[in-house]
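Hi everyone, thanks for coming along.

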Amino acid sequence: MIRLINIELFKIVKRPRTYIGFLAIFLIVGALQLAMYFEGEELISIAIQNLENDFRLEGKIINANLLTYLLLNSIIIHIPILICLVTGDAIAGEAASGTLRLILQRPFKRTEIYIAKAITGFLYAIALMVFLATMTYGLGMLLFGSGDLIVLRRGVTVIASDDVSWRFFYAFCSGTLSMIVVASLSMMISSFVNNAIGPIVGTIAILIGLNIIFTLGAPIFKDILPYVFTSHFIKWQYFFDFDIDKLALQQSVMVQFIYILIFNLIGIWNFSRKDILT
Amino acid sequence: MSVILEVKNLHKSYQSFKAVDDISFHVNKGDIYGFLGPNGAGKSTTLRMILGLIRPDSGLIQLDGGRVDYQNKKYLNQIGALIERPDFYKNLSAYENLKILYRMSKLKDIRIIDDVLKEVDLLERKKDKVGGYSQGMKQRLGIAQALIHQPELIILDEPSNGLDPQGQADMRELILRINKERGITVVISSHILAEIEKISNRMIVINKGRKIAEGAVNQLMSSESIKIQIKTKSHAEIESYFNTHLITFTNENESYYIQWEEAKIDELIKNLNSENISLYEVKQMKTLEEYFLNLTN
């Protein structure tokens, strides 16, 4: 298995599209950080002008913690697109290019090949999230330094600067778990089709579709909402509450693990029995 | 001569379409075994089933006397294959492509990569990306990847596709060399009779998923082995006659084909008439080539 994972990693490292995600994060986060560096005071004062009517805000409001929180809020919803570019291509892309035929003629079980590809996809998702954390939190620290974090969620929460790091660590871990769900979903779709675009479009369509349905908040869907994986993609925000709802977070982790398991089992089942006609 | 590959009663259907219909054949060790049939005859499907890329509906495939187990892929250590197009990772060099397959074959001596690249005359271009290779170079690299794990049997599905006449001749020479010098058994498919005739010692002819003929190439190609094409509307009667007299036949487009001795054609016609089987055409097809051209046209 280690041999297969190494081979898959080698292929990913050599593939140009692997770097699109890193480049996109670098450009977007870099541009936003620079914008905040030069025009941050104005932008933030607009955002918190209501607060200033009731509170007196002192100190360094624009800091790495606030920027990381804001960037995570706006970017994490788009990371699935970048992940699908690689994980959606893992099987379908190889089927389309004919190389799947080449590797399936070697003495490895298809289940082993699928698992190796899935693990490599997970490692890619983790690498992308680590890079996102480095770009937001790391670059933010360089440009703005640390400071207390003001969170506008269920009211106003001010978190002391020395109490923030661990929250970000868990928030990124939670976000990474959600991205592994996305990677598993696109891998599963990838096992059903023979073109590289299908899994990318299919995964994004499912994510957008579910988001729209549940953002509308129709009562008919209210009861199943906790069991839909997309509703857990924003659970990382819970780590920035004054009283963290540990039970909700545990349930969220469990639901996402179950989805990872289900998506991969379906993918393995289909991949193991499909005829390779390309 | 011992049998390296045996296929018995292989079937594969896609809904109502029978892609492979009761194909049986065997390949002896040391053979260059031709797999001849027009496009869409079921050649690639059969070869893919041997490699486990497609699951048969029923039938038996044996390699070196052992039944092929699709769950345990270890039998693939004995087979190298080039199926249809020689597809590779275009962004990688020939060496990197072969290194991936070398590692997947759990080999121990990495010098084998250079060895097979030398065999197919690509050693000097090993660091070039495959995306920049010509069709002929890709085909030769396809042979190299089939050889890398030193298999006993290689399966080449239309290896001359897309090659110019010189490329085709080079490919034939390469296959003959691999067979003679390395002692590797070769199964080669083609829709071109001349290609199979030039290189193979035994062959099978298939059409519409069914076996038409099998045997030594020189025997099948000789004029002594005459194919007779019989056209009749008494389908049930003639099939009953063939079955009763143990005459192997195939049925294509209202015509029945049988193998028959030239001297006994008169006798056959008389017998069929006496059975009240009305014939409206009986045609001699002197060679397999004529027969095959009739099929493909």
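Strand E6 of chain B and strand E7 (residues 153-157) of chain B pair in the parallel sense, over 4 bridges. Within that pair, B:Gly80 stands opposite B:Ile154 in E7(B). Helices (H or I, at least four residues) and strands (E, at least two) are DSSP runs, numbered from the N terminus.

Before going on, two notes on where this comes from. This is a predicted model: local features need pLDDT of at least 70, side-chain atom pairs count only at pLDDT 80 or more, and totals for chains, interfaces and linings use all residues. Residues are numbered from 1 along each chain as its sequence is written, while chains are lettered from A and ligands numbered from 1 in the order in which they are written.

Back to chain B. Which order do the strands of the open sheet take? There are 6 of them, in the order E6-E7-E8-E3-E9-E10 of chain B, and the pairing is mixed. At the edges sit strand E6 (79-82) and strand E10 (210-216) of chain B, each of which pairs on one side only. On average, neighbouring strands of this sheet are turned by 15° against each other, direction ignored. For angles in general here, axes are lines fitted to C-alpha atoms, for helices over the stretch in contact, and angles run from 0 to 180 degrees between N-to-C directions.

Now look at the helices on this sheet. Helix H1 (residues 43-50) of chain B lies across strand E3 (32-36), E7, strand E8 (185-190) and strand E9 (202-207) of chain B, and runs at about 150° to E7(B). Helix H4 (residues 135-147) of chain B packs on the sheet too, touching E6 and E7 of chain B, and its direction makes about 165° with that of E6(B). Contact has a cut-off: two residues are in contact if their C-beta atoms, placed from the backbone, lie within 7 Å.

Two loop residues of chain B deserve a stop. B:Gln15 has a positive phi of about 50° although it is not a glycine, and it lies in the loop between strand E1 (3-14) and strand E2 (17-28) of chain B. Is B:Gln15 buried or exposed? B:Gln15 is exposed, with 5 other C-beta atoms within 10 Å. The rule is that a residue is buried if 20 or more other C-beta atoms lie within 10 Å of its own, exposed if 12 or fewer, and partly exposed in between, with C-beta atoms placed from the backbone. B:Leu246 has a positive phi near 55° and is likewise a residue other than glycine. B:Leu246 is in the loop between helix H8 (235-244) and strand E12 (249-252) of chain B, and counts as exposed with 6 C-beta neighbours inside 10 Å.

How do the chains meet? 23 residues of chain B are in contact with 20 residues of chain A. Helix H2 (residues 94-104) of chain B gives the most to chain B's side, with 4 residues. That side divides into 12 nonpolar, 4 polar and 7 charged residues. Here Ala, Val, Leu, Ile, Met, Phe, Trp, Tyr, Cys and Pro count as nonpolar, Asp, Glu, Lys and Arg as charged, and the others, Gly among them, as polar.

Over to chain A. The axes of helix H6 (residues 89-97) and helix H9 (residues 165-192) of chain A come within 7 Å and cross at roughly 25°. That makes H6(A) roughly parallel to H9(A); angles under 35 degrees count as roughly parallel, over 145 as roughly antiparallel, 65 to 115 as roughly perpendicular and the rest as oblique. A:Ala90, A:Ile91 and A:Ala92 in H6(A) meet A:Met187, A:Ser190 and A:Ser191 in H9(A). Since 7 of the 9 residues of H6(A) are buried, H6(A) is largely enclosed by the rest of the structure. After H6(A) comes A:Gly98, with a positive phi near 90°.

Last stop: strand E1 (residues 149-152) and strand E2 (residues 156-159) of chain A pair in the antiparallel sense over 4 bridges. A:Leu149 stands opposite A:Ile159 in E2(A). In this hairpin, with 3 residues between the strands, A:Arg154 takes a positive phi near 50°.

Definitions and conventions. Two strands pair if DSSP finds at least two bridges between them.
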